[in-house]
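Dear colleague,

I am passing on the structure that follows, and below it you will find notes on what turned up when its contacts were examined. Please read them with the structure open beside you.

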Amino acid sequence: QVQLVESGGGLVQPGGSLRLSCAASGFTFSSYTMSWWRQAPGKQRELVAVITSAGDTTHYADSVKGRFTISRDNAKNTAYLQMNSLKPEDTAVYYCKAVRNYGMGRTDDYWGQGTQVTVSS
């Protein structure tokens, strides 16, 4: 059974930090690109950060560049999102996603259930 379980969300003051975790099971984690997405109320889900299967390449949305860091530990089947200098506009439900591209148009993708991050004083 495939599972992605996010944790680490919560309420934090502006300027604070949180570290989100995404624990994976039921698939070959080390073969999947991992990403974090977020969705604020009334807005579309947006990509926050991506890390390749080997962890050697990362990509960030402009809005979080320099403040957030994505990482992974393939031995622990876990991806992370370190969020620093948080702003009220970072408030959203954060989701992790696993994707594997087999080529020929075939992909597998899985989503977690989300974790709420609220940045407020």
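Leaving aside its neighbours within four places in sequence, which residues is Arg38 in contact with? Taking contact as heavy atoms within 4.5 Å, Arg38 touches Gln44, Arg45, Glu46, Val48, Ser63, Val64, Phe68, Glu89, Asp90, Ala92, Val93 and Tyr94.

Before going further, please note that this is a predicted model, in which local features need pLDDT of at least 70 and side-chain atom pairs count only at pLDDT 80 or more, while totals for chains, interfaces and linings use all residues. Residues are numbered from 1 along each chain as its sequence is written, and side-chain values use heavy atoms, with hydrogens and water left out.

Arg38 belongs to strand β4 (residues 33-39), where helices (H or I, at least four residues) and strands (E, at least two) are DSSP runs numbered from the N terminus. Arg38 counts as buried because its relative accessibility is 6%; buried means under 20% relative accessible area, exposed over 50% and partly exposed in between, with a 1.4 Å probe and protein chains only. Its side chain makes polar contacts with those of Ser63, at 3.4 Å, and Tyr94, at 2.9 Å. A polar contact is a pair of N or O atoms within 3.5 Å; within protein, one must be able to donate a hydrogen and the other to accept it, and residues adjacent in sequence count only if both atoms are side-chain atoms.

There is one disulfide (a pair of cysteine sulfur atoms within 2.5 Å), and it joins Cys22 to Cys96 with an S to S distance of 2.0 Å. This pair links distant parts of the chain, since Cys22 lies in strand β3 (residues 18-25) and Cys96 in strand β9 (residues 92-103), 74 residues apart. Both Cys22 and Cys96 are buried.

Turning to the aromatic residues, the whole structure holds five aromatic pairs, counting rings of Phe, Tyr and Trp (its six-membered ring) whose centres lie within 6.5 Å, with planes under 30 degrees apart taken as stacked, over 60 as edge-to-face and the rest as tilted. One of them, Tyr95 with Trp111, is edge-to-face, at 6.4 Å centre to centre and 85 degrees between the planes. Tyr95 is buried, at 13% relative accessible area, whereas Trp111, at 34%, is partly exposed. Arg45 lies over the face of Trp111, 4.6 Å from the ring centre, by the rule that NZ of Lys or CZ of Arg is within 6 Å of the ring centre and within 35 degrees of the ring normal.
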